[in-house]
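Subject: Structure for your files, with notes on its packing

Dear colleague,

I would be glad if you could read the two side by side.

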Number of protein chains: 2
Amino acid sequence: MDIIDKLRDIVGERATASPAERLCYSSDASMVSGTPDYVVRPLSTAEVSDVVGLAAAEGVPVTARGAGTGLAGGAVALRGGIVLDLSGMDRIVEMDLANLAVVVEPGVVQARLNERLRPHGFFFPPDPGSANFCTLGGLIANNGSGMRSVKYGTTRNYVLDLEVVLADGSVVRTGSRTLKAAAGYDLTRLFIGSEGTLGVITQAVLRVAPLPKARRLVIASFSSAEEAGRAVAATFASGIVPSACEILDRTTVAVLRRCDPGLRLPDGDVLLFEVDGSEGAVVEAAEEIAAVCSPTASSVMTASGEKEMEEIWAARRLVGAAVSRLDPTKSRIYVGEDVGVPIKEIPALIREVAEISERFRLPAMKYGHIGDGNLHVALFIDVLDAREWARLEGAADAIHRAAIRLGGTVSSEHGIGAARAEYMMEQVGSGALSVMRAIKRALDPKGIMNPGKLGLDDDHGPPSGGEG
Amino acid sequence: MDIIDKLRDIVGERATASPAERLCYSSDASMVSGTPDYVVRPLSTAEVSDVVGLAAAEGVPVTARGAGTGLAGGAVALRGGIVLDLSGMDRIVEMDLANLAVVVEPGVVQARLNERLRPHGFFFPPDPGSANFCTLGGLIANNGSGMRSVKYGTTRNYVLDLEVVLADGSVVRTGSRTLKAAAGYDLTRLFIGSEGTLGVITQAVLRVAPLPKARRLVIASFSSAEEAGRAVAATFASGIVPSACEILDRTTVAVLRRCDPGLRLPDGDVLLFEVDGSEGAVVEAAEEIAAVCSPTASSVMTASGEKEMEEIWAARRLVGAAVSRLDPTKSRIYVGEDVGVPIKEIPALIREVAEISERFRLPAMKYGHIGDGNLHVALFIDVLDAREWARLEGAADAIHRAAIRLGGTVSSEHGIGAARAEYMMEQVGSGALSVMRAIKRALDPKGIMNPGKLGLDDDHGPPSGGEG
């Protein structure tokens, strides 16, 4: 019996090997591509378990996928095999708010969970730019975070328990609904950020937090991005914990204004500080931030209207996609887009990125979660010009190496996937990478779970990726 | 050449096999005992690496130890071999506050770090009852937490990077000073809570938090501990996040008063809620907590004087040791002392513990970090009465099983060690335990790192422990 027939025995018509469908699943939001041999859309843990069990028996790779919003090729089937599209497993299974918990399937879209939580006065803090599309399974598998991790932490801090299908098809639970446990290895955190290389997440118990009663936004503008970076370091050193701390360099501000001329953003390189909490606390914190920024800022203003703040954040969320407004002949390519460094090194990183942009003659927008040391660099090129592609590759490589040299990371939140696998050895060192490989071999001895990712293969050369 | 001579080649006179010294290292603060063959007091990572390398070559167990304050036998050499006393590696290596980080050796006492941080306006939030004695290495190896984890999270949330000596003597780093990274498996979190079974922590980069500007204490008293438990659940459901939420049942209150008659604590079963933040925020939060508790509380009062709050917390810290004041013929034995359950189950846990105390005719004090669902049960007996020892064992077992049945954990923060190893299978399930064992085998194939702990041995029977 053929593999496709065996898959159909498990999920019926929700398994396919049609070339058109396989092509649809051959990429994510990165430049990485790879066509699966089979696409399977399971609707239950039992189906996932049976499919992975079959894959193990046949020695076929399995790559889990949610909404395909990943920026590192994590959900791309580099070596063929089965893509498991988990977007159909999209039930919010239980609202257990008395335990500050919700139980979700991996295909639930992040924003939909928050819509369900809002009337109850709670929220799930991780808030990536793709919140309106990305699924929670992917968010967990990448340890995603976004704008509010500077105060609330990353996804890692909000997962109490996972149900995972292991490489042999068996199903395990990694935790419980108890908020605090010291009982053996932290398997929950091991699977978080493992990008589908150790198992497939089929259910998660997430911890939720109470919605803050008030928010306020401080908008400070500076004469250079580097100056803005210094203000970030000064703010944290003074003991303030904003709920978001974003940078929008002058190019980004120009793009945002072109999208929405009514947007109230000043000239220059801009920092957005959000503070949240009680009414009194946010007034106080906003004043403190303004006081720290004032000596070096060109302007400081505060927004407290819910509508005005929402407009600024909505624009901020779209900035990644909106850059083509600056020059319609250019497209943004997502490479080198997620570096991070220790807070103290933020000004140095901004300076280096500016130099790299100049050296490779590529315009670069710089924005991101600067309070975490996380800078999203948007590089854009004319995709019809092969020389610009070559320069793009050089610039992305230089940005990655600069981050590592500054004691940082090639990815703060988007993941390593295939796109950044080549940097793992340099960033984490051969010792740590050996430990990761030993864990991988122990839990997936046949190497069927999302192969080719994270630099875990001993022949961990990067995939060519394909450029377009 | 004998092993002791080889050890002396590495650390000189800081290695010993003298019976007296070995005896001194044969227990921690639990009932578990086991005598090492050698005691080694290394002063550097290089020495730890050489000792572990030697142990690997000789096939000799290695058990790391800090201050010996552990309550589960985690630092006890169950199967002989080498005890590595890391308390001499006690340097605060670097205060890197611009990166919100400090670099410490494992032997630094928790409170000493906070003394160094205070003048700079920062603190390291994990705050166990043993803060004045316990070392940071042990805190990390157990994922310790204490009173403030209800708001700030456990040690897990404050470790950026670890230096670890692996089972073959090699040295790895697990992270960096960057606050946020998505770059492969979370080795930092894997070693946190692994209780020395995967490697020896020789250095840690910790994240620090700004000291809150104000604190306030709400003291509410109830007619029963169960009623108090319901008030805890109601407080969290209403979206308040206190910085501490402790329960002191009426027996505990009586003990505290006997220690310090001046202590301002009401009659009944008492909840202590601490709130911290800005001056305005704490006033507001204290009022909200009072409003939630008032309908069911016998009394609610608020303390804001630093001295008064400090007295109450200091007394709270001592309560574990102070119970013998209640009855000088009784001693507290640390068993069944660290269970935790989901918040919703707190009243049920309190009820079950009361029933168990009655059934086994053993007085029980109940106190602890109830906001995390973590209840410290203090059982006390006449240690000269063998029948009381037998009843104690039965009661502790019943408490552990009740916690598991309620979806909870046999340990919230003290660890599994040897004392609770027998419950691992029941609590985490055979699937998760198999994953832990696979990881253990992958990273420590010879099984030399702290053997006999966490239920990781395939013959994971509990040690007899010895009773006195």
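**Helix pairs and sheets**

The crossing of H1(A) and H3(A) is right-handed, where right-handed means that the near helix is turned clockwise from the far one by less than a right angle, and left-handed that it is turned anticlockwise. The contact, meaning heavy atoms within 4.5 Å, is made by Ile3(A), Lys6(A), Leu7(A), Ile10(A) and Val11(A) on the H1(A) side and by Glu47(A), Asp50(A), Val51(A), Leu54(A) and Glu58(A) on the H3(A) side. Sorted by class, the contact of H1(A) with H3(A) has 6 nonpolar, no polar and 4 charged residues; here Ala, Val, Leu, Ile, Met, Phe, Trp, Tyr, Cys and Pro count as nonpolar, Asp, Glu, Lys and Arg as charged, and the others, Gly among them, as polar.

Before going further, please note that this is a predicted model, in which local features need pLDDT of at least 70 and side-chain atom pairs count only at pLDDT 80 or more, while totals for chains, interfaces and linings use all residues. Residues are numbered from 1 along each chain as its sequence is written, chains are lettered from A and ligands numbered from 1 in the order in which they are written, and side-chain values use heavy atoms, with hydrogens and water left out.

Helices (H or I, at least four residues) and strands (E, at least two) are DSSP runs, numbered from the N terminus. H1 (residues 3–11) and H3 (residues 45–58) of chain A pack at an angle of about 160°, with their axes 9 Å apart; axes are lines fitted to C-alpha atoms, for helices over the stretch in contact, and angles run from 0 to 180 degrees between N-to-C directions. H1(A) and H3(A) are therefore roughly antiparallel to each other, given that angles over 145 degrees count as roughly antiparallel, under 35 as roughly parallel, 65 to 115 as roughly perpendicular and the rest as oblique.

In chain B, helix H1 (residues 3–11) and H3(B) pack at an angle of about 160°, with axes 9 Å apart, and their crossing is right-handed. Elsewhere in chain B, the axes of H9 (residues 250–259) and H11 (residues 306–322) come within 10 Å and cross at roughly 100°, which makes H9(B) roughly perpendicular to H11(B). Thr252(B), Val255(B), Leu256(B) and Cys259(B) of H9(B) meet Ala315(B), Arg316(B), Val319(B) and Ala322(B) of H11(B), and the residues of this contact divide into 6 nonpolar, 1 polar and 1 charged.

Turning to the sheets, 4 strands of chain B form an open sheet in the order E1-E2-E4-E3, with mixed pairing; two strands pair if DSSP finds at least two bridges between them. E1 (15–16) and E3 (62–65) of chain B stand at the edges, each with a single partner strand, so one side of each has no neighbour in the sheet. E1(B) and E2(B) (residues 38–40) run antiparallel and are joined by 2 bridges, with Thr16(B) opposite Val39(B). Helix H3 (residues 45–58) of chain B packs on this sheet, touching E2, E3 and E4 (82–85) of chain B, and its direction makes about 170° with that of E4(B).

A further open sheet of chain B has 5 strands in the order E5-E6-E10-E8-E9, with antiparallel pairing. Its edge strands are E5 (92–96) and E9 (171–173) of chain B, each of which pairs on one side only, and neighbouring strands are turned by 15° against each other on average, direction ignored. E5(B) and E6(B) (residues 101–104) pair in the antiparallel sense over 4 bridges, and Ala101(B) in E6(B) is the bridge partner of Asp96(B). Helix H14 (residues 424–443) of chain A lies across E8 (159–166) and E9 of chain B, running at about 100° to E9(B).
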